[in-house]
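Please walk through this structure from the overall fold down to single residues.

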Amino acid sequence: MATVLTTGASIGCGHGGTVQVVPGQRTLTVAGAPVLVAGDLEGKPITHCVPTAPGAVPCTAVASVIGGSATTLSVGGHPALLDTLSGLTNGSPPGVLTVLTPGQTVLQAQ
């Protein structure tokens, strides 16, 4: 089973940048932190991205989330996001989203 992400999660772009996590719901929480659901990360800003390749453009937003949605846990019809998620940023070349910490260790789902 994978760990469910909350607003306490730390998600990076692969170049040291940090996704600014904002929840779309506040109904389901873990230790007071709202669980992140599908749609919560797309378009969210990324700060502190420092690409190292010559001519690379820093990541400033999440472009897409690929996978990492729960099949057994949803809130308001939106699947919870899991620490297995992957995605891309708007940097050039695109950065790859990485879950550094899920923000909690209690709630798991498939």
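A residue is called buried when its relative accessible area is under 20%, exposed when over 50%, and partly exposed in between, with a 1.4 Å probe and protein chains only. The model is a predicted one, in which local features need pLDDT of at least 70 and side-chain atom pairs count only at pLDDT 80 or more, while totals for chains, interfaces and linings use all residues. Residues are numbered from 1 along each chain as its sequence is written, and side-chain values use heavy atoms, with hydrogens and water left out.

The protein chain contains zero helices and 12 strands. Both kinds of element are DSSP runs numbered from the N terminus, helices being H or I over at least four residues and strands being E over at least two. The radius of gyration of the protein chain is 14 Å, close to the 13 Å that the globule rule gives for 110 residues, so the chain is as compact as a globular protein of that length. That radius is taken over C-alpha atoms, and the globule rule is 2.2 Å times the number of residues to the power 0.38. Along the principal axes, the C-alpha trace spans about 45 × 25 × 20 Å.

Of the 110 residues, 40% count as buried. The accessible surface of the protein chain is about 5400 Å², and carbon and sulfur atoms hold 57% of that surface. Accessible areas come from the Shrake-Rupley method with a 1.4 Å probe, and for residues only the protein chains shown count as cover. Contact means heavy atoms within 4.5 Å. Among contacts between residues at least 6 apart in sequence, 65% join residues at least 24 apart.

Next comes the interior. A nonpolar core is a set of buried Ala, Val, Leu, Ile, Met, Phe, Trp, Tyr and Cys residues joined through side-chain atoms within 4.5 Å. The largest such core has 16 residues, and those with the most contacts inside it include L5, I11, L36 and L85. Leaving aside neighbours within four places in sequence, L36 is in contact with several residues, among them L5, I11, V21, L41 and P79. Apart from this core lies another, of eight residues, including V4, V35, A80 and L82.

Two strands pair if DSSP finds at least two bridges between them. Strand β8 (residues 69-75) and strand β9 (residues 78-81) run antiparallel and are joined by three bridges. S69 has L81 as its bridge partner in β9, and V75 has H78. Two residues lie between the strands of this hairpin, and G76 takes a positive phi near 60°.

A109 sits in strand β12 (residues 108-109). Is A109 buried or exposed? Its relative accessible area is 3%, so A109 is buried.

Q104 lies in the loop between β11 (98-101) and β12. Its relative accessibility is 8%, so Q104 counts as buried. A polar contact is a pair of N or O atoms within 3.5 Å; within protein, one must be able to donate a hydrogen and the other to accept it, and residues adjacent in sequence count only if both atoms are side-chain atoms. A polar atom of the Q104 side chain lies 2.6 Å from the backbone nitrogen of V106, and the side chain of Q104 reaches the backbone nitrogen of L107 at 2.7 Å. Beyond neighbours within four places in sequence, Q104 is in contact with T3, V4, T6 and V30.

T89 belongs to strand β10 (residues 86-89) and is buried, with a relative accessible area of 3%. A polar atom of the T89 side chain lies 3.3 Å from the backbone nitrogen of G91, and one lies 2.7 Å from the backbone nitrogen of G95. Not counting residues up to four places away in sequence, T89 touches C13, I46, C59 and L97, among others.

A53 is in the loop between β6 (46-47) and β7 (62-66). With a relative accessible area of 41%, A53 is partly exposed. The C-alpha atoms of A53 and V22 are 29 Å apart, and the two residues are 31 residues apart along the chain.
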